[in-house]
Amino acid sequence: MIPKIILGKGARATRRLIGYLYGPGSANEHTDPHLVASWNGFAPDPGRSPHRNPKAVEDQLAAQLDQPVKMLGDKAPTTTVWHCPVRAAPEDPILTDAQWADIARRIVAAAGIAPEGDEEACRWVAVRHADDHIHIAATLVRQDGRRPRRDHDIRAVQREARKIEVDLGLRRLNPGDGTAAKRPTSKEHFKAKRQGQDTTTREILRMRVRRAVAAASSETEFFALLAATGASVRPKTGPSGDVLGYSVALPGDLNKHGEPVWFSGSTLAGDLSLPKIRHRLTATGPEPVTARPADPWHQATAATERIPDHLTHGDDHIAQGQLVALGGALDLLPLTAPVAARSELERAAALFERATRSRIAADLGSARVLRRSVQTILRTPTATGDGSGLAMLLDAALIAVAFAKHWHCTHQHAQQEAAAQRTLAHLQTAYAHVAVPILNGLARRTPDIQTKQRYARHLQQAAPEHADRILQDPAWDALATVLADAEKAGHNPASLLDQALGQRALNDARNPARALTWRIHRLGQRHAPGPLAQAAMARSTTRRLDVPVRPTTGTPTVLQQPPQARRR
């Protein structure tokens, strides 16, 4: 059950609202509008007065609601109308008028509009014009002339809605922490439906702004990238000429006067206001350029692989900063993905956006490497390669999102936890579209049986607890191929396995064979060590080369000692 508070002001604000509630609706969606409850139990009902002019009854109802406001004259508050639609979930049963009336009384009591037993409280009515929701309309002056005490009414009605869900057996929503982006209004949904769109203008613009923020390294570049997405941008300047904020509009999205519908950054999401964007750009400023830049896909994957450790053992502010950077990476990945995976990645990014915000302040500078490497990928068309870079990054992102879900769970961030859980399903589908063709291509080049047996001996020495599972996995052929490719490039396969296992234990990997394949693929593309280093590594691995291959059947043995002890 979702309550949403909307405030109104103006001399005719109450009359306009009553007219809308009893009117046909913007898309003729209102059916049988009528009162289900009111402040006194006998307010005039335009929907149940067949012998009177409905407009006259609407005037009478609005006048009675406004009476306490009019009594104050010039001392009346500027904001006079409190409007709260309350909507049930699609799967909820259809509630009776009596049930909706009880819900309305509980909501206005929780909000401080009409506390239970207070005969001098504000005047209010609850109108039902559909099966699944009601509208509560109230005026913000009590009948004794005082103002209502409605401190934190938004949180109060949300808490009461969670209790109502339990009491009536309705779908239980996750409690929020006030950091979610603003939802599209019902009018925006109806407008998108009329235009044949699945997504509202607000959601389209939010994603475009998020992508521009993720891709930009300066404020100037942010505005340039935002304009390049096709959005209309209108900066807000102060008397000094300094830019204080901005608004965006979608070309062709017009109001009833034929004017563009503008959205300020802060109304799209709290972290998309210009001051918040400036803070992020400053905190993640460019680092000094290295003499030999690494592969950006490798850098992004390595940074993503470190996120679980930050979430498990790091400071909460650093952990939150890592989630912000991961969300930015997911925002940009659809632009580099093949068509088959693009829609799933876009959906994953839209869902994970909710998991990037909480009440914990983010240390944005801690995730600079991930942010910069993904930007490099986006700016370098040749960096996309054969898709293996995207596959290995998605494999690491799946683990990172799973750890994000657990981190939010431990911090009791229910909405963020649910968002991360839903993100996983779309990421897994996208990963399959990208990775399976690449793994199949590697498997077709698998080396001969003697070479694979030699690699198997290395694997059983380096990771005995995972060896049986990996050797029986269809991805073993692909892993053997990348080991062979690395060996041809001058690498020692036993040393590469040690390095790959040293990056992170495989206990958290969904598929150890695939995880090792991407790690070896990444390590194998590095510069091979020289002859002296090769000789030293060969002496350290001689003993492992003579160990016979154990049978690959049966249940793998899980050792309890640390990974470093198992490998040495």
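## Strand pairing

Strands β8 (residues 243-249) and β9 pair in the antiparallel sense over two bridges; pairing requires at least two bridges found by DSSP between the strands. Strands (E, at least two residues) and helices (H or I, at least four) are DSSP runs, numbered from the N terminus. S247 stands opposite S264 in β9.

The open sheet has three strands in the order β7-β8-β9, with antiparallel pairing. Its edge strands, β7 (232-237) and β9 (263-264), each pair on one side only.

## Model and numbering

This is a predicted model, in which local features need pLDDT of at least 70 and side-chain atom pairs count only at pLDDT 80 or more, while totals for chains, interfaces and linings use all residues. Residues are numbered from 1 along each chain as its sequence is written, and side-chain values use heavy atoms, with hydrogens and water left out.

## Helices α19 and α21

The axes of α19 (residues 476-488) and α21 (residues 512-524) come within 9 Å and cross at roughly 15°. Axes are lines fitted to C-alpha atoms, for helices over the stretch in contact, and angles run from 0 to 180 degrees between N-to-C directions. The angle therefore makes α19 roughly parallel to α21 (under 35 degrees; over 145 is roughly antiparallel, 65 to 115 roughly perpendicular, the rest oblique).

Contact (heavy atoms within 4.5 Å) is made by A478, L479, V482, L483 and A486 of α19 with A513, L516, T517, I520, H521 and G524 of α21.

## Helices α17 and α20

Helix α17 (residues 449-462) packs against α20 (residues 493-503) at an angle of about 35°, with the axes 10 Å apart. The α17 side of the contact comprises R454, Y455, H458, L459 and A462, and the α20 side P493, A494, L497, D498 and L501.
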